[in-house]
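Student: I would like to go through this model term by term and ask what each label rests on.
Tutor: Then put the questions one at a time.

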Number of protein chains: 2
Amino acid sequence: VSDPRELIREKRDGQTHDAAELTGFIAAYTRGEVTDYQISAWLMAAFLRGLDETETQALTRALLDSGRRFDWSSLGRPSADKHSTGGVGDKVSLILAPLVASCGVLVPMVSGRGLGHTGGTLDKLESIPGFKTRLSPEGMRAQLDEIGVVMVGQGPDLAPADGKLYALRDVTATVEFEPFIVSSIVSKKIAEGAGAVVYDVKCGNGAFMRDIGHARSLARRLVSATRGLGARASAFITDMSQPLGVMSGNALEVRESVDLLRGGGPADVRELTLELSARMLELAGVAKDHAAARAAVERALASGAAWEKFVAMVKAQGGDPASVGHPEKLPRAPVTVEVKAPRAGSIAAIDTFALGELVVSIGGGRRKKEDAIDPRVGLETLRQIGDRVKSGESLARLHLAADDAGAVSRAAACFTIGDAAPPMPELVLERVD
Amino acid sequence: VSDPRELIREKRDGQTHDAAELTGFIAAYTRGEVTDYQISAWLMAAFLRGLDETETQALTRALLDSGRRFDWSSLGRPSADKHSTGGVGDKVSLILAPLVASCGVLVPMVSGRGLGHTGGTLDKLESIPGFKTRLSPEGMRAQLDEIGVVMVGQGPDLAPADGKLYALRDVTATVEFEPFIVSSIVSKKIAEGAGAVVYDVKCGNGAFMRDIGHARSLARRLVSATRGLGARASAFITDMSQPLGVMSGNALEVRESVDLLRGGGPADVRELTLELSARMLELAGVAKDHAAARAAVERALASGAAWEKFVAMVKAQGGDPASVGHPEKLPRAPVTVEVKAPRAGSIAAIDTFALGELVVSIGGGRRKKEDAIDPRVGLETLRQIGDRVKSGESLARLHLAADDAGAVSRAAACFTIGDAAPPMPELVLERVD
């Protein structure tokens with residue numbers, strides 16, 4: 001690489017980087033030859049001047065190339081994964097991963113932890129006593145070969161530059177920039193060896209993308225960056241104007257996932273899981289069209305095949321199978337409190353972001369990476385947008401580590417009750433291919 | 001200070017900082033509570049989004065407040081200083097400082113070293129054997145009281161945040177930004193205790209500001225930031241489309257300064273020195289108007305008072321008075337070579353920047369801070385714009401450490417010889433008050 005100042009100056013002045021140069025710059029940063037303060041200046045210049053699709057792809061490739069790239073082709077089955085941009089109550093991964101695996105597609109799912117108002121798949125899984133989210137590459141391969149699904153955290157050798165870069169973005173106010181978000185997500189999905197990726201881009205007041213325009217743009221870039229690195233891709237833009245399902249909180253979401261895997265559970269979670277799973281089967285080439293894929297995943301859910309796969313995975317990763325077979329054995333909060341409707345009417349809106357923040361504030365999430373999580377606590381959202389309620393009826397139920405009147409009143413304030421019933425929001429807003 | 005990310009985000013989004021907040025942010029950086037990478041992101045955001053006059057002033061104050069601020073009022077005389085934005089052959093400070101001091105105004109001049117194509121006052125002074133540019137604050141006070149002038153480098157306690165910030169700007173492509181340039185210059189001038197500051201903003205192909213619009217904007221900001229911190233100020237925009245005077249190079253410029261202090265020397269250096277000096281006298285309040293000030297500095301130059309002051313300063317700072325009394329004793333390059341005109345005609349233009357770079361390349365300047373300087377080498381510019389030359393006549397004379405045919409041909413290429421004689425450029429283009 002030439003002088004890093006040249007590259008910073010180029011972006012500062014609004015020019016477009018040569019792809020190889022940009023890749024070299026990030027690679028030099030990974031090797032420690034470009035300093036944090038130089039990357040910070042570049043991050044801000046890129047944030048303000050923009051990165052086009054080719055540059056985003058080059059950045060993604062650089063993050064990918066900073067570590068190892070898994071290749072599961074020797075296992076003789078196609079692989080696929082799903083990534084959600086994050087919302088409240090989004091436990092789809094816990095159901096979808098074993099479900100898709102039970103249909104013959106490898107799911108090498110690498111997930112993250114919760115940060116801010118959204119939950120994280122790893123945190124949810126770790127509320128299962130004994131469940132381990134760290135596997136060696138050899139362990140991953142063996143489990144994929146045997147069971148077809150792993151659900152793990154990002155190892156230190158997977159896109160390590162992304163971790164370094166994210167830490168810097170976090171402290172330099174350069175997080176909320178689409179090309180950075182895209183390269184971070186896509187590099188990890190490609191590194192884990194997924195041959196196809198389905199994206200669930202959340203949109204609404206509980207999502208990072210609050211309007212459909214931004215969600216659409218992100219969805220397009222995710223798909224194009226993924227394809228640019230040789231994997232199939234598709235994106236759904238889905239509603240996050242209210243929590244998904246009933247449960248929000250780590251052990252609570254595992255309980256709801258178990259319900260779903262056993263054929264019960266809320267309709268919205270079930271429907272979204274089936275749609276995303278079916279698309280994975282299509283992209284992986286194991287179903288000839290959407291109808292066939294949808295029939296296959298419905299069958300796998302109804303037959304108990306998905307549930308068996310989930311139990312096998314929990315066992316393989318050290319988790320206590322009894323605690324998922326009897327979810328009442330999962331960690332439980334000592335206090336539950338009903339959140340009552342102050343008046344009669346219809347639920348007009350739910351401040352989903354605030355509900356997510358509430359779960360964090362009662363111990364169910366993190367403000368800083370170092371924060372510990374209480375797996376027991378959380379929230380049941382008992383009413384959805386459009387539902388009618390009587391005065392004094394329960395809107396929600398809080399699961400608390402200790403009495404907390406403030407939390408109850410804050411939860412109540414998240415529900416707007418009006419006179420007319422608004423239409424129930426569409427679950428899937430758009431698909432981007 | 002609140003979270004540094006808030007301030008970075010504010011500037012990133014094009015908002016204006018509260019002055020106290022910005023001052024606090026820089027102060028926190030000075031104390032090590034804000035990291036280099038956070039400041040780098042802010043530097044780039046400010047570079048691209050801009051800083052207004054109030055913000056520039058707040059930044060200047062923060063740099064100033066990071067160290068000590070000298071106060072010479074107990075010495076019972078007014079003080080003044082001059083700052084040049086840098087050019088080729090600009091040795092005005094060496095003459096002006098003792099000249100103004102000989103008129104009863106304290107000159108506590110803190111200068112820098114050369115970097116890039118422009119020379120630095122400290123480097124020039126250090127070509128006088130024994131001359132010391134580091135004085136303790138007590139030493140500065142004693143010498144100012146006794147002689148009325150000191151010429152020193154920036155001590156570690158003078159605007160230390162500026163040094164830290166400049167080092168970061170240098171490696172993050174954020175050097176060429178007016179508010180940063182202004183705050184860096186003005187904070188040091190105020191810290192050294194100058195009660196009045198005259199700025200010489202160079203404009204032309206040998207200056208950092210190549211066009212009059214940028215020079216004017218910089219001049220205005222320098223004046224307003226200086227006044228905002230309680231000192232009087234005035235700025236001249238002066239020509240740098242050819243080297244100032246004949247000599248460029250460290251010992252060579254000391255020789256030329258000695259010539260001027262003894263009543264000789266090139267007319268352009270003399271005229272500019274007198275104008276800038278006269279303005280300092282006016283601002284310091286020791287002359288009632290420009291005519292009186294001009295008469296006073298001309299008298300001090302003609303009478304030998306300025307020269308005596310210079311010799312006294314050299315002695316006081318440990319320099320060998322014999323080497324300035326007999327400038328042939330200053331370090332001399334072993335090789336001198338004439339640069340000949342390839343054709344007859346008139347000098348139409350001089351590539352002043354390239355001549356400055358040439359002096360650096362033969363050892364007379366620095367590319368990096370760590371580079372050593374050869375005080376002996378340099379260049380005599382023997383023809384100015386508008387002069388007629390015959391083919392084979394000398395355009396310039398190089399003073400070299402060793403034969404260097406490449407340097408000679410590069411020097412020749414800096415002179416454009418045309419048929420018609422263009423007008424001699426005006427020396428002083430504008431004054432900004």
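This is a predicted model: local features need pLDDT of at least 70, side-chain atom pairs count only at pLDDT 80 or more; totals for chains, interfaces and linings use all residues.

Student: How many residues of chain B are in contact with chain A, and what makes them contact residues?
Tutor: On chain B there are 21 residues in contact with 21 residues of chain A. They count because contact means heavy atoms within 4.5 Å.

Student: What is the area buried between chain B and chain A, and which atoms give it?
Tutor: About 1900 Å² is buried between chain B and chain A, with carbon and sulfur atoms giving 67% of that area. Of the area that chain B buries against chain A, 32% is supplied by R12(B), Y37(B) and L48(B), more than any other three residues supply.

Student: Why is the pair D170(B) and R5(A) called a salt bridge?
Tutor: The closest N and O atoms of D170(B) and R5(A) are 3.4 Å apart. The cut-off between a side-chain nitrogen of Lys or Arg and a carboxyl oxygen of Asp or Glu is 4 Å, so the pair qualifies. The count between chain B and chain A is six salt bridges. For residue pairs in polar contact between chain B and chain A, both at pLDDT 80 or more, the count is ten.

Student: Which elements of chain B give two or more residues to the side that touches chain A?
Tutor: They are α1 (4-12), α3 (36-49) and α8 (160-171) of chain B. The largest share comes from α3(B), with ten residues. By class, this side of chain B has ten nonpolar, four polar and seven charged residues.

Student: In chain A, what makes β6 and β9 a pair of strands?
Tutor: Two bridges join β6(A) to β9(A), residues 378-381, and the strands run antiparallel. Pairing requires at least two bridges, so these strands pair.

Student: Why are β6 and β7 of chain A called edge strands?
Tutor: The open sheet of chain A has four strands in the order β6-β9-β11-β7, with antiparallel pairing. Both β6 (247-248) and β7 (335-340) of chain A pair on one side only.

Student: What is the order of the strands in the open sheet of chain B?
Tutor: In chain B the four strands also follow the order β6-β9-β11-β7, with antiparallel pairing. The edge strands there are β6 (247-248) and β7 (335-340) of chain B. Two bridges join β6(B) to β9(B), and S248(B) stands opposite L379(B).

Student: What makes R383(A) and E393(A) a salt bridge, and which parts does the pair tie together?
Tutor: Their side chains meet at 3.5 Å, N to O, and the cut-off is 4 Å, so the label holds. R383(A) lies in the loop between β9 and β10 (388-389) of chain A, and E393(A) in the loop between β10 and β11 (394-400) of chain A, so the pair ties together parts that are ten residues apart in sequence. Over all chains the structure holds 68 salt bridges.

Technical notes: Residues are numbered from 1 along each chain as its sequence is written. Chains are lettered from A and ligands numbered from 1 in the order in which they are written. Side-chain values use heavy atoms; hydrogens and water are left out. Buried area is the accessible area (1.4 Å probe) that two parts lose on being put together, summed over both. A polar contact is a pair of N or O atoms within 3.5 Å; within protein, one must be able to donate a hydrogen and the other to accept it, and residues adjacent in sequence count only if both atoms are side-chain atoms. Ala, Val, Leu, Ile, Met, Phe, Trp, Tyr, Cys and Pro count as nonpolar, Asp, Glu, Lys and Arg as charged, and the others, Gly among them, as polar.
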